[in-house]
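Below are some questions and answers on salt bridges and helix faces. Please look over the sequence and the structure first.

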Amino acid sequence: MSAEEVAKAFVQHFYQTCDAGVDALGGLFNDQSMLTFEGQQVQGSAAIIAKLKSVGTVKHTVKTTDIQPSANPNAIVIFVTGAIQIGGDNPLHFCEFFHLVGTSPGQYYVHNDVFRLNYGL
């Protein structure tokens with residue numbers, strides 16, 4: 001699969017799974033993975049899942065996805081924008097950056113994940 005195909009499949013899987021139940025995302029992260037969520041950094045799969053669960057029930061609507069190969073030939077960077085509903089409240093704009101790193105052919109983990117809400121700019 002090309003970087004574009006991998007990234008598109010990842011984005012669809014990530015947000016569908018996140019919206020259905022964050023626990024199922026645990027396999028996408030490992031002990032080296034880092035999440036920065038609204039400026040708060042957590043590291044490791046368990047800490048990342050705990051942080052995502054603390055947000056509550058969410059529903060994402062992806063608007064744009066930008067994909068680039070990384071300097072590492074086994075890595076991909078992805079930038080996503082869209083809207084998120086938290087607990088059924090009004091949607092808010094968000095952006096999220098992912099750095100996927102390959103562990104074997106066709107297998108990737110999320111090394112970096114940076115999430116920000118975009119308030120009235």
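Buried means under 20% relative accessible area, exposed over 50%, and partly exposed in between, with a 1.4 Å probe and protein chains only. This is a predicted model, in which local features need pLDDT of at least 70, side-chain atom pairs count only at pLDDT 80 or more, and totals for chains, interfaces and linings use all residues. Residues are numbered from 1 along each chain as its sequence is written, and side-chain values use heavy atoms, with hydrogens and water left out.

Q: Is Glu 4 buried, partly exposed or exposed?
A: The relative accessibility of Glu 4 is 41%. That value lies between the 20% and 50% cut-offs, so Glu 4 counts as partly exposed.

Q: Which residue forms a salt bridge with Glu 4?
A: A salt bridge is a side-chain nitrogen of Lys or Arg within 4 Å of a carboxyl oxygen of Asp or Glu. Helices (H or I, at least four residues) and strands (E, at least two) are DSSP runs, numbered from the N terminus. The closest N and O atoms are 3.3 Å apart, and the partner is Lys 8.

Q: How many residues apart in sequence are the parts that Asp 23 and Lys 53 tie together?
A: The side chains of Asp 23 and Lys 53 meet in a salt bridge at 3.3 Å, N to O. Asp 23 lies in the loop between α1 and β1 (34-37), and Lys 53 lies in helix α2 (residues 45-55), so the pair ties together parts whose separation in sequence is 30 residues.

Q: Which exposed residues does the face of α1 turned away from its buried side carry?
A: Val 6, Ala 7, Phe 10, Val 11, Phe 14, Tyr 15, Thr 17 and Cys 18 are buried in α1. They cover an arc (taken from the directions from the helix axis to the C-beta atoms) of only 165 degrees, which puts them on the same side of α1. The face turned away from that side carries the exposed residues Gln 16 and Ala 20.

Q: Which strands do the buried residues of α2 pack against?
A: In α2, the buried residues are Ser 45, Ile 48, Ile 49, Lys 51 and Leu 52. They cover an arc of only 160 degrees around the axis, which puts them on the same side of α2. These buried residues pack against β1 and β2 (40-43).

Methods:
Contact = heavy atoms within 4.5 Å.
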